[in-house]
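Please look through the structure below before reading on.

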Amino acid sequence: MENNHKNSPNKRQSEDTTLIINFIKSKVEKGTGLTYKELKETYFEEELFYVALKYITTTKKAICTAMEIPVEAGCRYKRHYEKESLLKQSNYDVVCPITKHFARLISTNPNEFDGLTNTNQLTLF
């Protein structure tokens, strides 16, 4: 029996991940006016994390994967920018486009901050 890998779930998932990464990169390139190579040459890793999140709101794993930033470093950068009130995390979960697990969205774009707060929550006061 011949093993057909063309339509295997792993191949499809790999293709989906590549599409997502390319989409994120293109949004950041369009927003900054720089190519991915120019972005990597222009910004330190922490700055790239911040700049990229101005142009796309996504999960930490997705932005780190697309920008080739180690996730552990992304955790530090996220915490730093949150403390400076320059990054906002959603208060609701979405399915991460990379891991397919629930995660929070993050953004450094102030125009996105209100949308990251779920206004449908019941308030008691």
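Predicted model: local features only at pLDDT ≥ 70, side-chain atom pairs only at ≥ 80, totals over all residues.

**Helix H5**

- Helix H5 runs over residues 71-83, which makes 13 residues, and its span from the first C-alpha to the last is 18 Å, close to the 18 Å expected at 1.5 Å a residue.
- The buried residues in H5 are Ala73, Gly74, Tyr77, Lys78 and Tyr81, and because they cover an arc of only 140 degrees around the axis, they lie on the same side of H5.
- On the face of H5 turned away from this buried side, the exposed residues Glu72 and Lys83 are found.
- After H5 comes Ser85, a residue whose phi is positive, near 60 degrees.

**The largest nonpolar core**

- The largest nonpolar core has 26 residues, and of these Ile24, Phe49, Ile63, Met67 and Ile69 touch the most other members.
- Two or more residues of this core are given by each of the helices H1 (9-32), H2 (36-42), H3, H4 and H5, and the largest share, six residues, comes from H3.

**Pro97 in its loop**

- Pro97 belongs to the loop between S2 and S3, and with a relative accessible area of 22% this residue counts as partly exposed, since the buried class requires a value under 20%.
- Although Pro97 and Thr17 are 80 residues apart in sequence, their C-alpha atoms are 7.4 Å apart in space.
- When residues up to four places away in sequence are not counted, Pro97 touches Ile20, Thr58, Thr59 and Ala62.

**The sheet**

- Three strands form an open sheet with antiparallel pairing, and their order is S1-S3-S2.
- Strand S1 (58-59) and strand S2 stand at the edges with a single partner strand each, so one side of each is left without a neighbour in the sheet.
- The antiparallel pairing of S1 with S3 extends over two bridges, and Thr59 stands opposite Leu105 in S3.

Methods
Residues numbered from 1 in each chain as written. Heavy atoms only, no water. Helix = DSSP H or I, 4+ residues; strand = E, 2+ residues; numbered from the N terminus. Expected span 1.5 Å × (residues − 1). Buried < 20%, exposed > 50% of the residue type's maximum accessible area, 1.4 Å probe, protein only. Arc of directions from axis to C-beta. Core = buried A, V, L, I, M, F, W, Y, C linked by side-chain atoms within 4.5 Å. Contact = heavy atoms within 4.5 Å. Pairing = 2+ DSSP bridges.
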